[in-house]
Amino acid sequence: MAITRTIIVWDMDIIKEDPLYEEDFYLLRWLKAYNMSVRKAEKHLRSTANWRKENDVASLYDANFPMAWLESMPIYADAVTKDGSIACSIQAGLVDIRGMLEELGRQDFVKYLTQAFVQVERVLIELNKYKNRGQPLTENCIDGGTILLDMDQFAPRQLRSFEVLSTIGEVCKNVVKHFPYLGATFIVLNCNTVSAVLLKVIRSILESPSFKFEVYGQDRAEWEESIQNQIPAHMLRDVFGGTRPKEEKMKRDILIDRDLILSLAEEL
């Protein structure tokens, strides 16, 4: 605990900007990201605090997404891994990134993804606290989520736009710079020569010793067992190798339900 109190001493002047800066498990993420160096953690956290203030990130905690946006971006954060972290899934082949950029503009597109990261990060911190309740606070109390990315039906037209690749690059850089330990494992399914181009952009920015990639081709037998070893099958949709019952499509205005995630963690 003494480590985090050291952080809080130099962090007092920004606490008033966002209650998040009083959260031990948030501050510890920065320490762990910079090998427990207080000086480096402080430098990068302060940079992120400025970025959060300039972009009014605190207002995104409880903000709803625009109507039908989550339907056009089939991203789900409604499962947990067997070790008690968040599992998110994305069906990239059903996302028209190019069309959304043309409709929304780059600024709003990045904003809504940032909103998703902010909301997932907050619940991830709650999970870390739940898993380590009553235990001494150490760097091992922090972990990141698992991301499943299905590249089936990913359209070549997405890659003919420099704006698409540039925007995805910006989003990935924001994750690395401003959301330490948001992710720990990135599992890519149904990768082919087309989707490999996008994957190269993502991987060049995100991959690190603390953020590992597993990349699989289009043979389901190749990846199904690996995913089920990490995430309970009943929490996974069929496209990701699970047995979760098919749900009727419904309008969503929130990405992640804190109470649902904590209840799933309690079941483990």
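Because the model is predicted, local features need pLDDT of at least 70, side-chain atom pairs count only at pLDDT 80 or more, and totals for chains, interfaces and linings use all residues, while side-chain values use heavy atoms, without hydrogens and water.

The structure holds 18 salt bridges (a side-chain nitrogen of Lys or Arg within 4 Å of a carboxyl oxygen of Asp or Glu).

**Stop one.** Select D18 and R52, whose side chains form a salt bridge at 3.7 Å, N to O. D18 sits in the loop between helix 1 (2–15) and helix 2 (24–33), and R52 in helix 3 (residues 38–54), so this pair ties together parts 34 residues apart in sequence. Helices here are DSSP runs of H or I, at least four residues, numbered from the N terminus. Both D18 and R52 are buried (under 20% relative accessible area; exposed is over 50%, partly exposed in between, with a 1.4 Å probe and protein chains only).

**Stop two.** Now pick E170 and R106, which meet in a salt bridge at 2.7 Å, N to O. This pair links distant parts of the chain: E170 is in helix 7 (residues 162–178) and R106 in helix 6 (residues 106–131), 64 residues apart. E170 is partly exposed at 28% relative accessible area, and R106 is partly exposed at 26%.

**Last stop.** Finally, select E23, E126, K129, R258 and D259, which salt bridges with shared partners join into one network.

Notes. Residues numbered from 1 in each chain as written. Helix = DSSP H or I, 4+ residues; strand = E, 2+ residues; numbered from the N terminus.
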